[in-house]
Amino acid sequence: MKKIVAPVLAGLLALSMLSACGNGNNGETSNSGTASGNGAASSGKKVEIEFFQNKTEAKETFDKLVAKFNEANPNIKVTQVNPPDAETVLKTRAAKNDIPDVVGMGATDAYKSLAAGGMFKDFTGDQLLSSIQPAYIQMMNDLTGTEVVNGIPFSANASGVIYNKAIFAEAGVEVPKTWDEFIAVAEKFKADGKNAFYLTYKDSWTVLVPFNALEPSIVGTDIFKQRQEGTVKFADAFKEVAEKQLKLLDYGQKDIFGKGYNDGNTAFAKGESAMYLQGVWAIPEIQKANPSIELGVFPLPATNDSASNKVISGVDTLLTIAKNTKHPEEAAKFVQFLLEAENVQQYIDEQKAFPAITGVSQSDPIMDGFKEAFAAGQISDFADHYIPGAMKLDALIQGFLQKKDIDAYLKQLDTEWDKVSNRK
């Protein structure tokens, strides 16, 4: 994310979190009509819409919203599809020109590639954008490098450290503000015979969470543009990031490469570690396993300059429509429905996410630990959003954490980046 966006985004999100505007339906001006009518096709035949989305955690919430829409629109039937490894499935379908009618996905390199390939509708100037916080649209434009808007931001997330308040209180430790304080807290838990972190590196995607938390504060996301221009190498810029990625391993449980995300959610819920390096999307799963757990969050303090340490926040789910959908009006009606304030509120309440539209707030006290950073503009997009998916960054990091060879890892990052760049 460009530095100019961060203060704007901070203001918007801080306002969103701290004070709900509560000014009603923000998606009511679409040219496709209201979302609550019968929406009938003139023939009376039921129109079937496929809603493909990539978040397994959100399936239950979207099921409720889909059911609500279908009940209000008896001549439209929306069916949710939520496969494992959804981005890969979507890219495979795109190669066959088989894009689902409505897609929910993150603002990632996969989205960038599919949008550049002309797979999605152009929403530039669409009234559906009128309720979206402009900073999120700017964030997506920064990602794609174009002013064309092919996706509508729906929700944002935040990533850092989730911690068990009771375990912190029992140990008499405070929330750390700097890297040295963070490691000192981890050392104390280790000395007391407790796991500071529960690491779930069997699932390769989870290694991206610490990388994304470290890189923007230590180096910054501008480096990816510089790397594209050929003015810098990862081998020269990423050594501190790599060293700190390895350092975190000293404070995890045994068998960190044998435990996956679901294992981690359950173990952390049971009090098997004091901290969990994950995003807020994990909180509902943790609470399912232990409804009485007392949770808090704080930015991972990647440096010893507390003012430089950032909350990682980006567009977690955007909504878009297949450019060649056979049912553009019905697809737009469903997207408009999802963007209605009460439906966004339901989603962010259940998923512990942050709203991308105005007039909706995230007020869960668990999130209080992020508010100071949002208010101060200490925010960055996810670093891996700027890295081509073809590099398979998660596998590269997972291998590095197993072999622990920093020089080989950094060299491999440069090599893989150049390979992908040369294909274009």
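Which helix does Asp-414 lie in? I found Asp-414 in helix H18, residues 406–423; helices are DSSP runs of H or I with at least four residues, numbered from the N terminus.

Ground rules I noted: the model is predicted, local features need pLDDT of at least 70, side-chain atom pairs count only at pLDDT 80 or more, and totals for chains, interfaces and linings use all residues. Residues are numbered from 1 along each chain as its sequence is written, and side-chain values use heavy atoms, with hydrogens and water left out.

**Asp-414.** I looked up its accessibility: at 8% relative accessibility Asp-414 is buried (under 20% relative accessible area, 1.4 Å probe, protein chains only). Beyond its neighbours within four places in sequence, I listed contacts with Arg-227, Lys-233, Phe-234 and Ala-235 (heavy atoms within 4.5 Å). A polar atom of the Asp-414 side chain lies 3.0 Å from the backbone nitrogen of Ala-235.

**Arg-227.** I then checked Arg-227 and found its charged end over the ring of Phe-234, 5.4 Å from the centre (CZ of Arg or NZ of Lys within 6 Å of the ring centre and within 35 degrees of the ring normal).

**Aromatic pairs.** Rings of Phe, Tyr and Trp (its six-membered ring) pair with centres within 6.5 Å, and planes under 30 degrees apart count as stacked, over 60 as edge-to-face, the rest as tilted. I got 28 aromatic pairs by this rule. Phe-334 and Phe-337 are stacked, because their centres are 6.4 Å apart and their planes at 20 degrees. Both lie in helix H14, residues 328–338, three residues apart, and both are buried. Phe-400 and Tyr-409 are also stacked, with centres 3.9 Å apart and planes at 5 degrees.

Terms used:
Helix = DSSP H or I, 4+ residues; strand = E, 2+ residues; numbered from the N terminus. Buried < 20%, exposed > 50% of the residue type's maximum accessible area, 1.4 Å probe, protein only. Polar contact = N/O pair within 3.5 Å; in protein donor to acceptor, adjacent residues only side chain to side chain.
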